Amino acid sequence: MSNPLVLKFYLDVFFIRGEEFMESLKPKLFEVLHNYSKEQLIKDIISGIIVAIIALPLSIALAIASGVTPECGLYTAIIAGFFISFFGGSRVQIGGPTAAFVVIIYGIVAEYGLDGLTVATILAGIFLIIMGICHFGSLIKYIPYTITTGFTCGIGVSLLVGQVKDFLGLDMGAVPSEFLSKISAYAAHITTVNVSALAVGILAIAILIVWPKITDKLPGSLIAIIVTTILVKVTGLHVNTIGSVYGELSSALPHPAIPAVTMGMIQKLISPAFTIAILAGIESLLSCVVSDGMIGDKHNSNAELIGQGLGNIFSGLFGGIPATGAIARTAANVKNGGRTPIAGIVHSITLLIILLVLMPLAALIPMTTLAAVLIMVAWNMCDWSAFFKLVKTAPKSDSIVLIGTFLLTVIFDLVIAIEVGIVVSSLLFMKRMAEVTDVTGWKYIEEPDVTDGEAEKMLSLSKHIRVFEISGPMFFAAADRLTAIDSKQFTKVVIIRMRSVPAIDASAMHSLHSLADRAERKKIRLVFSHVNEQPLSVMKKDGFFDRIGANNFRSDIIDAIDYAEHCLQS
């Protein structure tokens, strides 16, 4: 009779947990459609169209800066933008290509070609889906602020430097992917500056700076593109355009294509793909947090990661580049009345219509204008006030991580910067935690901040009993602190108080076993006082609890001293 009941209990738990798990991955779109109104639909449509107009020049410019064709940028905004809105965990997130990926994409294309980029994009999407299913959405916050600030400023500088050729109209071949090689190549061709291109670029930057002060109804980037395109076309200035560099642009629908993949390529691209996934996760969830504050909602971080993953997989399959949530476009969506993922879907549909109808006109856009747009994007993404404030006010170790991440991003690449930054931050964190962990001999003081009755116990404590208190987490970086627990010739019992130890790891357990070995050789009894839940659980699994004996684990220091005195008498 009991077996069926037990089975039913476990099945109920399984299905309840399963429902909770699936609910945590539920796209926001399915949630908001329950009370969807006609009025909100109109607002979402208007907002989606406006955001598409904002995304159009950025998508083309970011694609070119990444070393791929202009169409790839629109494919990304259309395909990835649709999946991110449909399956994501935010009401208002707008997905598409962003400046954060330009540097790493350019490097992948230069080394592995478009097939390599496709593989990296799909792998990044798979990583993001795994992160969402494993509920890693909340873990992104553990990336230190110094690292995100460092690589963001580094990306901004790299992106800006990458626009010098087109902004100045330099007559040179392909721009190298490495920062120092870029500088060297620019210096070698500085005499080939195209004055007309430079003048058009300066005009574009002036429009980008002045236009937002006039109105925010239309994006300055679109106005700059329209004005400079008409100017170049009417005056016949000798300025490179998208058409003169890339030829006739295709207005055909993107179609899926499987890249030529080898196991060796996958192995080489796992690291950059993981970096893309981390970047996409950080930027998309940061965008979600910002938009939550604007609309008073709470996003579902794990569903958002899955939406980002699907967006990147299909972007790669349809010839696009990596995508993530775009903070500026998401904010524009909110400001124009978008409140549901329908706005993001409309944004994708609008860009699709533009691709089919107006793409040939994009061939007339001057390359120097796109460079000017990206220079402004690069400048805006670099929060120099935060950067220099951290350099001045943060602890020296944090400043080292910040500056190191920045320099590695600029001089080498983002993959190395993030890997080294996280490793160094982790080592510094462990060093700090080890420094706050301490093992001290327990002594009577005038006003002890301890359990009632301890003062009396300490005053009358037998010389055969020694008391030590451990403070802080006991992990591998602090395990050697246990060597501070010593004994005198007449010591019979050592009490170890652990009320201030929140956690313990395998290295610390090894040190405790070594301590127990020394105690056994000297015939000293070990008594543990106030062991918290996590350390006690680890001790039981390790077998240390049984080795010491349940009687030698006491609830508090008074109980431990009483027990030690009893042991001396027996």
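Eight salt bridges are found in this structure, which is a predicted model. Let's look at how some of them link up, and then turn to the nonpolar cores.

**A salt-bridge network**
- Lys28 pairs with Asp297 in a salt bridge whose closest N and O atoms are 3.6 Å apart.
- Lys28 belongs to helix 2 (residues 28-32) and Asp297 to the loop between helix 12 (263-295) and helix 13 (301-317), so this pair ties together parts that are 269 residues apart in sequence.
- Asp297 also forms a salt bridge with Arg91, with 3.4 Å between the closest N and O atoms.
- Because Arg91 sits in the loop between helix 4 (70-87) and strand 1 (95-96), while Asp297 is in the loop between helix 12 and helix 13, this second pair ties together parts 206 residues apart in sequence.
- Through shared partners, salt bridges join Lys28, Glu31, Arg91 and Asp297 into one network.

**Another salt bridge**
- Asp559 and Arg554 form a salt bridge, their closest N and O atoms being 3.3 Å apart.
- Asp559 is partly exposed, with a relative accessible area of 25%.

**Nonpolar cores**
- The largest nonpolar core has 108 residues, of which Ile60, Phe151, Ile242, Leu351 and Leu370 touch the most other members.
- Helix 5 (residues 102-133) gives the most to this core, contributing 15 residues.
- Leaving aside residues up to four places away in sequence, Leu351 touches Ala52, Ala55, Leu56, Leu74, Ala77 and Ile78.
- A second, separate core holds 27 residues, including Met509, Ala516, Ala519 and Val531.

Methods: Residues are numbered from 1 along each chain as its sequence is written. This is a predicted model: local features need pLDDT of at least 70, side-chain atom pairs count only at pLDDT 80 or more; totals for chains, interfaces and linings use all residues. Side-chain values use heavy atoms; hydrogens and water are left out. A nonpolar core is a set of buried Ala, Val, Leu, Ile, Met, Phe, Trp, Tyr and Cys residues joined through side-chain atoms within 4.5 Å. Buried means under 20% relative accessible area, exposed over 50%, partly exposed in between (1.4 Å probe, protein chains only). Helices (H or I, at least four residues) and strands (E, at least two) are DSSP runs, numbered from the N terminus. Contact means heavy atoms within 4.5 Å. A salt bridge is a side-chain nitrogen of Lys or Arg within 4 Å of a carboxyl oxygen of Asp or Glu.
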